[in-house]
Amino acid sequence: MDSRLTELIKKSKRVVFFGGAGVSTESGIPDFRSENGLYQIQSKYGHSPEEMLSHTFFMNHTETFYDYYKSNMLYLEVQPNKAHYALAKLEEQGKLKAIVTQNIDGLHQLAGSKKVFELHGSVLRNFCTRCHTLYCRDYIIKPQICNNEEHADSKIPRCIKCGGVIKPDVVLYEEPLDEEVLEGAVDVISNADLLIVGGTSLVVYPAASLINYFKGGNMVLINKAETPYDYRADLVIHDAIGEVLG
Ligand code: ZN
């Protein structure tokens, strides 16, 4: 680990990590906003990922949404990487108070992290839009079991109990963030004495506005590319997050 970063962590008591897509790309989950991904998806579906991951699209084209979602948003074989494990260890040591993430893959918890604020939800949780019964990720993937004649040929995951459409517990475009999660994130960031921001370009809402709540001593930015907030950080490391934290 970078010696300056090690030094900052040593003298801090309430470290908070704020992470974005870059944390997961090293586990093999591509950023769907990357050029390559965008082009392929656009030509296959005739819609951009942003459009298909919107609330309106989910409501109006649920089958196409699930076709895209199942083949592009669910990564079944991925494992946490060095960054996830390093953060879990810091929490275990009592240094790290919480992780605030924009990722929806659940890899922090898989690595052992306990306090994780998932701003955009998680693909591991799904719920019936009618009766709110919860479903795991596997239920979304496996061929639909549905006794309801009306939905027998549906490619849309439906609730066993009531036949209602199941929705992933992820925040789609046009949807507000969960207030409780957002308040929790603001609270831990406001009370941190060291904020490590990693794997995010800080251009997507609400990333930039959230780090404005930080009033503590030191902010560290770890990102491969420059961000608009580099000038505000006490330490900037332009490198892969797994390498830096590992
Ligand atoms: Zn239901």
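The site of the zinc ion is tetrahedral, with angles of 97 to 117° among its four donor atoms. Donors here are N, O and S atoms within 2.8 Å of the metal, or 3.2 Å for Na, K and Ca; water is not among the atoms, so sites may look incomplete. Four donors count as tetrahedral if all angles lie between 85 and 135 degrees.

Before going on, a note on the model. This is a predicted model, in which local features need pLDDT of at least 70 and side-chain atom pairs count only at pLDDT 80 or more, while totals for chains, interfaces and linings use all residues. Residues are numbered from 1 along each chain as its sequence is written, and side-chain values use heavy atoms, with hydrogens and water left out.

Back to the zinc ion. Which residues coordinate the zinc ion? They are Cys 128, Cys 131, Cys 159 and Cys 162, each through SG, at 2.3 Å. Along the sequence, these donor residues follow the spacing C-x2-C-x27-C-x2-C. Is Cys 128 buried or exposed? Cys 128 has a relative accessible area of 0%, so it is buried. Cys 131, at 34% relative accessibility, counts as partly exposed. The cut-offs are under 20% relative accessible area for buried, over 50% for exposed, and partly exposed in between, with a 1.4 Å probe and protein chains only.

Next, the sheet that includes strand S4. Strand S4 covers residues 121-128, and Cys 128 is one of the zinc donors. Helices (H or I, at least four residues) and strands (E, at least two) are DSSP runs, numbered from the N terminus. Two strands pair if DSSP finds at least two bridges between them. S4 belongs to an open sheet of three strands, ordered S5-S4-S6, with antiparallel pairing. Strand S5 (134-136) and strand S6 (166-170) are at the edges with a single partner strand each, so one side of each has no neighbour in the sheet. From one strand to the next, the twist averages 40°.

S4 and S5 pair over three bridges, and Asn 126 has Tyr 135 in S5 as its bridge partner. The hairpin of S4 and S5 has five residues between the strands, and there His 132 takes a positive phi near 65°. S4 is joined to S6 by five bridges, with Phe 127 opposite Lys 167 in S6.

Helix H6, residues 62-72, lies across S4 and S6 and runs at about 50° to S6. Contact means heavy atoms within 4.5 Å. Axes are lines fitted to C-alpha atoms, for helices over the stretch in contact, and angles run from 0 to 180 degrees between N-to-C directions.

Rings of Phe, Tyr and Trp (its six-membered ring) pair if their centres lie within 6.5 Å; planes under 30 degrees apart are stacked, over 60 edge-to-face, and the rest tilted. How many aromatic pairs does the structure hold? There are seven aromatic pairs. Phe 65 and Tyr 66 form an edge-to-face pair, because their ring centres are 5.3 Å apart and their planes stand at 85°. Phe 65 and Tyr 69 are stacked, at 5.4 Å centre to centre and 15° between the planes. Both Phe 65 and Tyr 69 lie in H6, four residues apart, about one turn of the helix. Phe 65 is buried at 0% relative accessible area, as is Tyr 66 at 0%, and Tyr 69 is buried at 1%. Ring pairs link Phe 58, Phe 65, Tyr 66 and Tyr 69 into a cluster.

Last, the parallel sheet. Six strands form this open sheet in the order S3-S2-S1-S7-S8-S9, with parallel pairing. Its edges are strand S3 (116-118) and strand S9 (235-237), each with a single partner strand, so one side of each is left without a neighbour in the sheet. Here the twist averages 15° from one strand to the next.

Strand S1 (residues 15-19) pairs with strand S7 (residues 194-198) over five bridges. Val 15 has Leu 194 as its bridge partner in S7, and Gly 19 stands opposite Gly 198. S7 also pairs with strand S8 (residues 218-222) over five bridges, where Leu 194 stands opposite Asn 218. Five of the five residues of S7 are buried: Leu 194, Ile 196 and Gly 198 on one side, Leu 195 and Val 197 on the other. Helix H10 (residues 179-190) lies across S1, strand S2 (96-101), S3 and S7, at about 135° to S3.

How values were computed
Tetrahedral: all angles 85-135°; square planar, octahedral: opposite > 155°, others 65-115°.
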